[in-house]
Amino acid sequence: MKVPISWLREYVAYEASTAELVRRLTISTCNVQRVFRHGVADENGNLDLFRVGRVLEAGQHPNADRLQLCLVDVGEGEPRQIVCGAWNFGAGATVAVALPGAVLPGGQKLERAKLRGSVSDGMILSERELELGQDHAGILVLSEPAEPGTPLADVLPLGEEVIEVETTPNRPDLLAVYGIAREVAALFDVPLAPPPGVEPPRAADEPVDVRVEDFEGCPRYIGRTFADVTVAPSPAWLKARLAAAGMRPISNVVDVTNYVMHALGNPLHAFDRSKLAEGRIVVRRARRREEIRTLDGNLRRLDERDLVIADASQAVAIAGIMGGAETEVGEETTEVLLEAANFEPLGLLRTSERLGLRTEGSNRWEKGVDPYLAEQAAALATQLIVELSEARWTGQTDVHADLPEPPVVTLRPERANRLIGLEVLPGEQRTILERLGFDLSEEWRVTVPTWRARDVTREVDVIEEIARMKLDEVPYTLPVRREMFGRLSRAQRLRRLVEDVMVGCGFFEVYTPSLLAQDEHEQALRIPEPQSSEQSVLRTRILPALIEAARHNLAVGNTGIALFEIAHVYLPTGDELPEERWRLAAITEGGFSAAKGALETLHDALGVRPVLVRARESLYHPGKTAAVQAGVVGELEPGLLEDRWGAFELDLDTLLAVAPERPEYEDVITFPALRLDLAFVVDEDVPAGDLIDAAREAAGPELRDARVFDVYRGEQIPAGRKSVALALEFRSPARTLTDEDGARLRDAIAAALRERFSAELRA
Amino acid sequence: MNPEEPKPLDTVAAVDAAALETEALGAAAAAATVDAVQEARVRYLGRRSELKQALREVRDRETGMALNAVRERLEAAFDRRRAELERAERERDLAEEQVDVTLQGTAYRRGALHPITLIRREVEDIFVGLGYEVVDGREVETVHYIFDQLNMGPGHVTRSPLHTFYLTENTLLRTETSASQIRVMEARQPPVYMVSLGRVYRRDTPDPKRYPIFHQVEGLAVDRGITLADLKGTLQLLLRRLFGEERSVRIRTSFFPFTEPSVEADVECFICGGEGCRVCEYEGWIEVGGAGVVDENVLRNVGYDPEEYSGFAFGWGLERIFMLRYGLPDIRMLWQNDLRLLRQF
């Protein structure tokens, strides 16, 4: 919403600078997105270079068919020669001239130039070049006589400051210059002018045929008729205001409807009354598959949910959203029916969504416009139509249901203070509310103004009105907490530990999308209408996205790639909500052992001994994959990425459930450990892990640590067999183990392994 | 060496102890190598040396003591010389072992946390310090928890499938993390001090500022006597921790269905200090996110009495905080996972 400052000042004569205005509005009313100058810049004497000129001579350029060579008096005694491409004027015309050095609204700086061999010592301007309108077919010929050399700014609104505000959906009243003015008056405690629009006398009292069949959708419809309308371009002031407010001037009647909407916030529509069948207006729901060609030229199909304005035979407008092309006001129009209505927001929003059609009008209606506003909007529009198009106002009707009474709520001033945390004296609370248009009784019964009736319905809403006017003064305090103790949960702390261990192992954390193009789980949850096919299914695994991330890093030439992610997966349950579980997934250069090493370090950090069993899983190498308590570890299936990669994916909730709450202290210092290295020859297919498990079983609790330090095949080992060397560490909590203990334990292990695996102990 | 011969007693006295000492000290000083020191030691202090011989033969106590003192001094002198030479030798050897100290050392792999995690932890720690708990929530939620309980009426814009990812008519990807606040409040009575952080989903076309998946932190405090001023103070504390202790913080009016009064929080631009620059779009302030006093309807919806309890809530994007602080130009970079970016943090 663009608010030209001069327009705003017409309703409220505040004294503050624009910077202060912006600051106060931003804190208490609505965000001001930007302040800009519309039209000709007023810097470094730029305005002085725009003058009124009188054309003394105009004729064909000697070297160019399409150009005119003019002599223009700009009040300097000596006329200037100016080359011009327009032909809509001749000698004697009063025109707008920019002199060399002038900066045009687009930022372009004018230079003295030679065009086709002739010097052009300035420029004769069009409306569009001055940002006063759209007309660029010819130059701007001034109708009012003015002396050559008069500053152009004296006869035309050449430029002005505009603020652009961003309003919240609860404040449709701010989508109007008058609404902003009302806030400004309250903020600076200055008087607000009465709302614009004084009805002229009515020339006749002809009946206006308006029937509202759906008061729910259209609680109010004011119809006014005008005769002897002369449709013509709007005067310069109106064009300039609309242009500064970001709207395109079209014709006086249409411009008036837009002007009133921008001034007061009530969208209007004007029909060419002679094109309405039987001159009648019917407000009703559309018929099934009813069609209408809207002003933008599109044919639109409606259904029974859409509210339309119809004549005796067909829809002539989509209510509040856009008028129909057939009844549009055009140059030949002489009879006008003006609509100043009120429409219900939600149904209108749905229609606008269904049609994908949003307009300045729908933007206001969908937020809920004050039904009492229609009258004032009709008055202002009537005044301007009569003034600008020389029309006669010939008839009027106001069809409405019972209009809602404004809400009345009781305010407890002490409650306001309690909620805001600032002492605002009751008298000041009262003043603030009254300035905003609220009416207060002695007993603090607050009557809400009609333009706020949708938004302010409860005591707390009234409190917000006081709060927003005092936001700058609200102190910075902290809650006085009771009975609260902040800490991360165990799961959260362990997740951080997992992250840190992975980083310590050289892995980089990544974030990948939860949505994939596809997931191998057949019941994986699907977005019925995804934004892109790349992100349409909720993943049940993280690894595929990590493979993608690794691929990206390879493609850009990165090395040392090791990635991990902790995120949710979404497992279908058959119920409407999936089971969401925390997963850790990792991928690294270097094959099975690289992944397993990181997995072991991670388990070690959590105090969990990983138990691996050969397994198969998609995306993994069939011979180099294992299941572990909480998931899978393995080498990535060859061909997915260049070279060998290792990966794992673990269910964190499962992993954390098996991790001990806290480590248990044991005395490993007092009695030193006894270490033995034993090598066994076994068949090729015996897993080393099984040997260790059997050794643990045979040796009992005194075997504290066992690991494989060598696997050997070759000389001295029969074919089909291998030698597995184990480093064993024994300790007793009660005494130092002796050599005899060592021999006993060695014999027990050797016997067990011989029996289970035909293992031979090598000397 | 001379064969050992018995010598008459008077020869002992004939040994000129002083001259011998001078000679031996000279030999020690002249020895250029450890071996030469050893040779000289044998010559002057060895079993067959003149001094040893004289000591063996001496009879009177006074002479014996004098000779012993000479011996001790010589022992010390030879030791000293030997140590001196050894030290010099070692220094010579080490000097030859120089390395190029500018060469890089043995490489250890170092990973890194993702920027979003870094900010997440920072925010979590601030609130844990303030006595809040951190609550994880689910990402697929029902309309009840996302919209109904949060006082978002049927016309609210984010309810539209144009803005939100629905899975079914009743389930959707959460558009903010507040659903977990509702679940906590439904489960227990105040006081509640919590933050929830995690992924949220909105139907935005990816561009430098938006990605359809992003991360939010949402905070909630409900207790007796919570005020708008408490919100203002909490936001100031958080923003100063994140953007610098000297920053100004302001709040300005806004609108959300789930808060009343509603505000937006701004932090003074930390690039230009409020003067106006590109980052703050020449406003001097940077918008960080929405907040407000919890709407009475939300409290009532979870069974809290708004006459007894009040609360505040706020919700911000973690990516935005990170991008502002480090000047990252494009949110999509956070989803590319390029090591060249990740290594920097």
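Two residues are taken to be in contact if their C-beta atoms, placed from the backbone, lie within 7 Å. The model is predicted: local features need pLDDT of at least 70, side-chain atom pairs count only at pLDDT 80 or more, and totals for chains, interfaces and linings use all residues. Residues are numbered from 1 along each chain as its sequence is written, and chains are lettered from A in the order in which they are written.

**View 1. Helices α2(B) and α5(B) meet along their lengths of contact residues listed here.** From α2(B), the residues A17(B), L20(B), E21(B), A24(B), L25(B), A28(B) and A29(B) meet A66(B), L67(B), V70(B), R73(B), L74(B), A77(B), F78(B) and R81(B) of α5(B). By class, this contact holds 12 nonpolar, no polar and three charged residues (nonpolar: Ala, Val, Leu, Ile, Met, Phe, Trp, Tyr, Cys and Pro; charged: Asp, Glu, Lys and Arg; polar: the others, Gly among them). The axes of α2 (residues 17-30) and α5 (residues 61-96) of chain B come within 10 Å and cross at roughly 5 degrees; the two helices are therefore roughly parallel (angles under 35 degrees). Axes are lines fitted to C-alpha atoms, for helices over the stretch in contact, with angles from 0 to 180 degrees between N-to-C directions.

**View 2. Chain B in contact with chain A.** The contact involves 66 residues of chain B and 71 residues of chain A. Helix α9 (residues 228-243) of chain B gives the most to the chain B side, with seven residues. That side comprises 31 nonpolar, 19 polar and 16 charged residues.

**View 3. Buried residues of helix α8 (residues 178-187) of chain B.** S178(B), A179(B), S180(B), Q181(B), I182(B) and M185(B) are buried (20 or more other C-beta atoms within 10 Å of the residue's own). They pack against elements of chain B including β4 (192-201), β5 (213-223) and α7 (143-148).

**View 4. Strand β32 (residues 631-636) of chain A and its partners.** Five of the six residues of β32(A) are buried, so the strand is largely enclosed by the rest of the structure. Five bridges join β32(A) to β31 (residues 620-628) of chain A, the two running antiparallel, and a hairpin connects them through two residues. V628(A) stands opposite G631(A). Five bridges also join β32(A) to the antiparallel β33 (residues 645-651) of chain A, where E649(A) is the bridge partner of V632(A). Strands pair if DSSP finds at least two bridges between them.

Definitions and conventions. Helix = DSSP H or I, 4+ residues; strand = E, 2+ residues; numbered from the N terminus. Parallel < 35°, antiparallel > 145°, perpendicular 65-115°, else oblique. Buried ≥ 20, exposed ≤ 12 C-beta atoms within 10 Å, placed from the backbone.
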